[in-house]
Amino acid sequence: MKPQRNRGSPLSQLARLRAGSSPMARNVGLSTRIPYQAGVCGPPHVGTTLPLLRRPSSPARVSVDNSSAGRTLIKLNGNNPRDCTSTHWDSNQQTHHPQLSEPSSLHSLHPGLFSCSTTGSGIRSSTPLPPFTFSSSTSDRRSLSSIGLSSISPTHPSYPTNSTVNRCFLIHPHRPSPRRPMAFSTYSTASSDISTPRSISPSSSVVSARSSHSSVSSKRLSLSLQRRQSALNPMSSVDITAIEQQMKMASLDGLRGYAQNHYGEVQQYRSTDYVPQSAAGGYQVLREPLWNKGLSFTPEERVSKNLTGLIPHAMESVETQVARCMKVINTRQTNIDKYLYLSSLKATNLDLFYRVLIDNVRDLMPLVYTPTIGDVCLQYSTLYTRPEALYISIKQRRSIRTILRNWPYPDPEICVVTDGSRILGLGDLGVNGVGISIGKLALYTGAAGIHPGKTLPIVLDCGTNNETNLKDPLYLGLRARRPSPAVAQEFMDEFMEAAVEVFPNMLIQFEDFETEKAFAYLARYRNKYKCFNDDIQGTGAVVLAGYIGAVNLSGVPLEEQRLVFMGAGSAGVGVAKQMVEYYTRRGLSEQAAREKFWLVDTKGLVTLDRGDKLAEHKKYFARADNNGHQFRTLEEVIEYVRPSALVGLTATFGVFTESIVRGLKASVDAGGSGRRPILFPLSNPLTKAECTFEQAVQWTEGTVIFASGSPFSPFAVKAADHAVTYWPNQGNNVYVFPGLGLGAILAKASKITDEMVYISASSLSESLNAEEIHKGLIYPHIERVRDASVIVAREVMKAARREGVSTLPEEQWVEWEEWGDVALTKFIKERIYDPLK
């Protein structure tokens with residue numbers, strides 16, 4: 001049947017929509033039909049060549065042409081035009097329908113589904129359509145099924161309805177937003193590829209132009225839709241995420257609405273009765289890590305302690321047990337997993353844990369301490385499985401003595417205490433910072449032999465200003481912001497008084513307090529209690545020890561040495577002050593020694609006239625000889641000072657750039673041949689190091705004298721017929737604080753003096769053997785850390801005697817003074833914990 005023409009109509013309609021439900025379309029020919037709510041009518045001539053969409057998200061392009069002598073032609077995706085002037089195909093009933101009377105817009109086809117607003121004679125926009133299907137009337141049927149809700153938009157902003165030019169519409173697939181209900185869904189106008197026969201595809205220029213026009217129109221339509229949908233949706237301007245976050249925070253804040261300055265006291269009505277080791281048997285022995293020897297129990301011990309059958313019927317050598325542990329460690333994929341295994345071993349068998357650590361210190365120290373301990377602290381609340389320390393909350397400040405007495409091991413000789421306010425270079429971690437106390441004490445035992453039963457890790461929980469922790473539902477600490485400095489000071493006073501009262505012989509090491517508190521607490525307590533700060537004094541001592549060796553290797557005379565410090569916090573200032581003492585002991589006045597140092601912080605060179613308020617600890621090194629000129633960057637300072645040494649304590653990775661390091665080398669080379677630059681990027685962990693060892697070697701052509709805070713591997717450079725291996729130095733505090741602590745404990749020192757700290761550095765610099773000196777090292781191999789600690793402890797004890805702070809019996813010192821270092825060294829080694837030996 002030939003389609004009838006409607007000559008009175010200047011505009012042929014693209015589709016006719018019928019209200020009501022439609023039955024399931026039939027499968028005819030190649031077409032796949034889908035059910036839909038409203039019938040969609042299309043001209044029969046279009047269906048025979050209608051191209052298939054590659055994806056349901058692809059848009060179909062329909063062009064309406066009324067320029068052919070009253071005939072209406074429709075082009076779909078640029079295919080040959082088809083005459084559909086007066087007849088439409090009803091895909092529901094597969095019947096023909098005469099064309100509707102001419103509308104002013106598509107809205108008249110179906111008011112509930114099309115809503116095309118008009119301004120004058122221009123079509124401006126359209127709203128979404130329901131699902132629809134185009135199909136053909138011949139056996140070669142093709143379908144545009146499963147397109148989903150769509151919108152039809154013109155390729156140009158507007159054109160007259162009575163125009164005789166081509167009128168093009170894009171059929172866009174519907175992509176509802178997953179974040180909004182369907183009533184306020186947005187519609188994607190993204191274009192996708194359409195599969196068309198190559199023989200009838202339009203030229204590339206036409207496609208490009210059409211694509212450009214459709215893209216602009218789609219964007220305008222999308223903005224228009226968004227504006228109208230926003231007007232209809234009263235919640236569109238509300239930040240739901242922020243409200244949910246506020247509700248979550250409110251649910252986590254268990255202290256909201258309570259008074260924050262009232263503190264109760266814990267009343268315990270009974271003491272804890274512990275079974276003595278001599279009376280323990282069976283699982284009492286196996287479940288106490290200090291008593292459990294695993295498969296090292298002898299047959300006699302297994303009988304006397306009722307262990308028969310509770311452990312495998314096998315006796316193993318220490319070497320076999322250590323090998324088993326190392327095999328397990330080497331199967332773990334990440335450092336955190338390795339740390340967790342070691343922690344589990346430590347919680348069951350302390351002797352075996354420390355034997356494994358001592359025998360494999362190079363491989364395991366990075367797991368027990370930096371850099372892995374930094375990652376452990378960041379995740380401590382998530383990784384937590386068992387208590388390993390004392391957790392003293394400011395909310396229980398009236399019960400500090402009770403908490404201390406609850407520690408199960410009597411008379412600890414050393415404790416490491418932190419408030420978590422500045423852990424390594426990671427910032428305020430709150431109670432999660434307890435990991436640093438645990439790791440530090442593991443090194444006191446592993447590196448210096450202090451018995452693990454005589455160590456006490458403590459964290460003072462004063463809250464945290466770390467937003468991540470405050471929002472973490474798993475965070476174990478006090479979910480409150482830190483108190484004022486005055487309140488924190490009162491809490492610290494109460495802790496120190498209680499600690500000395502409960503454990504009068506205990507040495508207290510402050511660890512990772514934020515800079516201002518670190519200096520304030522050290523100055524406040526150092527002459528009253530037996531204490532020291534490892535960040536200030538320990539770091540200063542270990543860097544000084546390395547610097548003493550580096551000066552000897554650098555070829556730069558002592559009077560020409562100039563040092564630039566990048567970082568002016570507690571560690572930076574502490575290190576610089578230790579080095580000032582090094583120069584004063586070599587004949588320089590304090591003023592002359594101090595003028596060898598230039599400190600740089602985030603605002604540039606620290607000067608007295610910089611214009612900002614300097615922290616108290618920075619004033620000692622603030623320069624007054626800059627003649628009013630301010631140096632804002634490290635590059636400017638390097639060019640101005642022309643230093644021989646550069647020390648980094650910024651906790652900022654990569655701050656020592658190639659230009660800076662090469663500038664350091666150039667300033668050293670300018671002084672003469674054979675000179676070597678000193679470069680110490682000391683920040684921990686490795687992710688905070690100012691530069692890598694490989695970079696330092698390459699940027700200085702191998703002349704650098706290098707020391708870092710965390711370990712780097714040796715670096716080999718291939719030459720023509722051989723390879724040169726460069727050995728890094730690790731300026732880790734583990735070379736100093738274990739020996740310093742051991743010496744103070746064995747000397748029964750009443751306090752830690754500056755002389756004792758300085759001696760720990762100078763004695764460390766003298767502990768290298770011939771092989772290490774031949775390699776150009778400035779620190780001993782880490783495998784020899786126990787040997788170095790014995791030397792440091794011996795010299796610290798002698799310094800305590802000279803300073804008059806050793807409380808050992810006089811006759812003991814008379815004997816050592818008679819027999820010398822041999823007798824004192826023997827005394828120290830007899831008191832060192834050496835498990836399973």
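A residue is called buried when its relative accessible area is under 20%, exposed when that area is over 50%, and partly exposed in between, as computed with a 1.4 Å probe on protein chains only. The model is a predicted one, in which local features need pLDDT of at least 70 and side-chain atom pairs count only at pLDDT 80 or more, while totals for chains, interfaces and linings use all residues. Residues are numbered from 1 along each chain as its sequence is written, and side-chain values use heavy atoms, with hydrogens and water left out. Helices (H or I, at least four residues) and strands (E, at least two) are DSSP runs numbered from the N terminus.

**Stop 1: an enclosed helix**

Select residues 350–359, which form helix α8. Nine of its ten residues are buried, so α8 is largely enclosed by the rest of the structure. The buried residues are L350, D351, L352, F353, Y354, R355, V356, L357 and I358. Next, display what covers them: the covering elements include α6 (318–331), α7 (335–348), α9, α13 and α26 (785–803).

Then move to P371, in the loop between α9 (361–368) and α10 (372–378). The peptide bond that leads from T370 to P371 is cis, with omega near 5°.

**Stop 2**

Two strands are said to pair if DSSP finds at least two bridges between them. Select β12, β14, β13, β15 and β16, which in this order make up an open sheet with parallel pairing. At its edges stand β12 (390–393) and β16 (531–533), each of which pairs on one side only. From one strand to the next, the twist averages 25°.

Within this sheet, select β13 (residues 414–418), where five of five residues are buried. I414, V416 and T418 point one way from β13, and C415 and V417 point the other way. With β14 (residues 455–461), β13 pairs in the parallel sense over five bridges. T455 is the bridge partner of I414 in β14.

Contact here means heavy atoms within 4.5 Å; axes are lines fitted to C-alpha atoms, for helices over the stretch in contact, and angles run from 0 to 180 degrees between N-to-C directions. Helix α13 (residues 434–448) packs on the sheet and touches β12, β13, β14, β15 (507–510) and β16. The direction of α13 makes about 155° with that of β13. Across β15 and β16 lies α16, which runs at about 155° to β16.

**Stop 3: the seven-strand sheet**

Which strands form the open sheet with mixed pairing? There are seven, in the order β19-β18-β17-β20-β21-β22-β25. β19 (604–605) and β25 (729–730) stand at the edges with a single partner strand each, so one side of each has no neighbour in the sheet. Two bridges join β18 to β19, and these two strands run antiparallel. Select D601 to find G604 of β19 opposite. Helix α18 packs on this sheet, touching β17 (563–566) and β18, and its direction makes about 165° with that of β17.

**Stop 4: the largest pocket**

A pocket is an open set of points on a 1 Å grid over the protein atoms alone, where a 1.4 Å probe fits and protein lies on both sides within 12 Å along at least five of seven lines; lining residues have an atom within 4 Å of a point. The largest pocket has a volume of about 770 Å³, taken as the space filled by probe spheres set on grid points joined across faces, edges and corners. Select R422, L424, A571, L649 and A651, which lie nearest its centre among the 40 lining residues. The elements that give two or more residues to the lining are α16 (515–525), α17 (534–554), α18 (570–584) and β18 (597–601). α17 gives the most, with four residues.

Keep A651 selected: this residue lies in the loop between β20 (645–648) and α21 (658–669). A651 has a positive phi of about 55° although it is not a glycine, and at 23% relative accessibility it is partly exposed.

**Stop 5: a buried glutamate**

Finally, select E755 in helix α24 (residues 754–765). E755 is buried, with a relative accessible area of 17%. Beyond its neighbours within four places in sequence, E755 is in contact with R585, A799, R802 and E803.
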